[in-house]
Amino acid sequence: MPRPGIQLNELLGVCDMELESGDMDLIVSFPDQSEVFTLGVEAGMFWQRMQSGEREFELVVHTSNIECLRRMAAAEGLVFADVDAGIEGWSECSVSGTPLRPALKLVRGGLADT
């Protein structure tokens with residue numbers, strides 16, 4: 001996690017990169033830039049958000065990834081909704097559901113068994 005006040009470009013050693021507000025630039029280039037790789041990275045980021053406990057969020061994803069993301073959300077007991085983003089190949093999605101309860105289990109011992 002970057003220290004407060006440190007810019008991401010400083011952390012990555014690209015201090016000479018000046019980006020205007022709203023501009024985007026490539027930070028890391030992967031040798032495999034196939035569609036399957038891209039969709040897999042997108043799905044992995046989606047899965048990580050759910051695994052970290054997020055239960056209400058919105059994101060923009062590739063339309064061709066919708067069915068996979070819908071199944072992933074269903075596996076976590078979440079509601080997945082999507083609408084066309086107005087840009088060919090992209091969809092706006094929302095995920096909602098109830099917060100995960102911690103898994104509790106009974107353990108023998110303690111004050112009750114003394």
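Me: Why is Phe80 called buried?

Reply: The model is a predicted one. Phe80 has a relative accessible area of 10%, and buried means under 20%, so Phe80 is buried.

Me: Why does Phe46 count as buried?

Reply: Phe46 has a relative accessibility of 1%. The cut-off is under 20%, so Phe46 counts as buried.

Me: How many aromatic pairs are there?

Reply: The count comes to two aromatic pairs. In one of them, Phe46 and Phe80 lie 6.0 Å apart, centre to centre, with 85° between the planes. Phe46 is in helix H2 and Phe80 in strand E2, 34 residues apart, so the pair links distant parts of the chain. Ring pairs also join Phe46, Phe57 and Phe80 into a cluster.

Me: What makes the pair of Phe46 and Phe80 edge-to-face?

Reply: Centres must lie within 6.5 Å and planes must be over 60 degrees apart. The values are 6.0 Å and 85°, therefore the pair is edge-to-face.

Me: How do you know that Arg55 and Glu76 form a salt bridge?

Reply: The N to O distance is 3.6 Å. The limit is within 4 Å, so the contact is a salt bridge. This pair links distant parts of the chain, 21 residues apart.

Me: Why is Glu76 called partly exposed?

Reply: The relative accessible area of Glu76 is 21%.

Technical notes:
Residues are numbered from 1 along each chain as its sequence is written. This is a predicted model: local features need pLDDT of at least 70, side-chain atom pairs count only at pLDDT 80 or more; totals for chains, interfaces and linings use all residues. Side-chain values use heavy atoms; hydrogens and water are left out. Rings of Phe, Tyr and Trp (its six-membered ring) pair if their centres lie within 6.5 Å; planes under 30 degrees apart count as stacked, over 60 as edge-to-face and the rest as tilted. Helices (H or I, at least four residues) and strands (E, at least two) are DSSP runs, numbered from the N terminus. Buried means under 20% relative accessible area, exposed over 50%, partly exposed in between (1.4 Å probe, protein chains only). A salt bridge is a side-chain nitrogen of Lys or Arg within 4 Å of a carboxyl oxygen of Asp or Glu.
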